[in-house]
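Hello,

Here is the structure I promised to pass on to you. Have a look at it first, and then read my notes below.

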Amino acid sequence: MDLNGKHIVLGLTGGVACYKAAYLCRLLVKEGAQVQVVMTEAAAQFITPVTMQALSNRPVYVSQWDAREPNNMAHINLSREADAILVAPCSADFMAKLLHGRADDLLSLMCLARPLERVPLLLAPAMNREMWAHPATRRNVAQLRADGAQVLGVGEGDQACGEIGDGRMLEPEELLEDLLAYFQPKVLAGRRVLISAGPTFEAIDPVRGITNLSSGKMGFALARAARDAGAQVTLVAGPVHLTGPRGVQRIDVLTALEMDSACRALADQADVFIATAAVADWRPAIARAQKIKKQGDGQVPGLAFVENPDILAAIAASERARSGALYCVGFAAESQDVEAQAKAKRLRKGVPLLVGNIGPATFGKDDNALVLIDGEGTLEMPRNSKQALARMLVGEIAKRLPTLAAV
Ligand code: C5P
């Protein structure tokens, strides 16, 4: 659980999006966080403290005059315990209030009283699109950021008022993701990371083709981990049923040739290339324009194949990779003898780091076990979620990069 041992103050201010805060609270608790809910009086018009108490398993605070704290200083006590204060939903009015350092209710009092250097403040705005676009709100967002608050993004779409546009609060899952990202060390800040993921699809005719069982999950988990580590990430994805992480540039491709040209073009602007894609080794020599018909006489069509380019090997042989400006990481999905196979593959592909795993045991699954091979030796990463492994792998890659030139 990624928030184990973390103490999160979840602040609610007045807005319809309060209904989403109930589910967010549940998600935070499920991730292992201790959640202390603090609501403004306006928030209590939208959702009751009873609901939030039941979900957080703690009494909710609403008033600065609440006498339950022995020293009667809830704003001090609660903000000192926190690893982060997340205000979701954060109304336009509450942002304006924070901006001026006003403190006439418990939540704003806590935000002002928090130790700035130790307790981050994350705001999840929620408002009507006109309010979000208003120059006053734009100004407030910019100033709050300058004052050190993390103003998270907003969603776009149907609004409770019936209008459509920007300003919806992000979904609870997205807010959880942003909070988790916030806690990740920014070991790839300033780096550009290119990742290939998923299978490729090689057409035989307009309705058939050759593909494989790669789900793309490891590559997508790496894209997310690299983004959370502060990198600018581009993900070249074969046909997969996955939603791309927010903030990651995603380029969808179908065939090995399309993946090859996308990756080669993008590798020129990358500092790291991680090839997780299960690229088809061969493609049919001819993709027929019309569907091949069954003749009904027992005859089967003969298929001739040509080899696909090895994207990783080609990029690893490029000038930038050989000079150390581009760090290449390969994956090996084996069915047995992973370590020996991965060692041989590292040399064959000419990459500094190769990651081995058991293909059939990991395709489509949410967990995996990895073995990292580089010039120094071997590092085993025992079975864990793909996301946890991705975070560890990103840490290992970061350690191996040349230090960024001082700007
Ligand atoms: O040769 P093999 O497919 O086992 O190598 C796996 C590694 O090489 C993976 O990192 C994969 O993404 C990459 N690869 C590639 N282009 C290919 C075949 C594999 O980039 N045509």
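An open sheet of 8 strands runs in the order β12-β11-β8-β13-β16-β17-β18-β19, with mixed pairing. Strands here are DSSP runs of E with at least two residues, helices are runs of H or I with at least four, and both are numbered from the N terminus; two strands pair if DSSP finds at least two bridges between them. At the edges are β12 (249-252) and β19 (377-385), each pairing on one side only. From one strand to the next, the twist averages 15 degrees.

Before going on, please note that this is a predicted model, in which local features need pLDDT of at least 70 and side-chain atom pairs count only at pLDDT 80 or more, while totals for chains, interfaces and linings use all residues. Residues are numbered from 1 along each chain as its sequence is written, and side-chain values use heavy atoms, with hydrogens and water left out.

Within the sheet, β8 (residues 192-197) and β13 (residues 272-275) pair in the parallel sense over 4 bridges. Ser196 has Ala275 of β13 as its bridge partner. Helix α9 (residues 217-228) lies across β8, β11 (232-237), β12, β13, β16 (327-334) and β18 (367-374), and runs at about 170 degrees to β11. Such angles lie between N-to-C directions, from 0 to 180 degrees, with axes fitted to C-alpha atoms, for helices over the stretch in contact.

Ala275 turns up again at the ligand: the residues around the ligand include Ala275, Thr276, Ala277, Asp310, Phe331 and Lys345 (a heavy atom within 4 Å). A backbone N or O atom of Ala275 is 2.6 Å from a ligand oxygen atom, and a polar backbone atom of Ala277 also lies 2.6 Å from an oxygen atom of the ligand. For Phe331, a backbone N or O atom is 2.8 Å from a ligand oxygen atom. The ligand exposes 450 Å² when taken alone, and the protein buries 85% of that (Shrake-Rupley method, 1.4 Å probe).

The C-alpha atoms of Leu121 and Ala237 are separated by 34 Å.

Best wishes

Methods
Contact means heavy atoms within 4.5 Å. A polar contact is a pair of N or O atoms within 3.5 Å; within protein, one must be able to donate a hydrogen and the other to accept it, and residues adjacent in sequence count only if both atoms are side-chain atoms.
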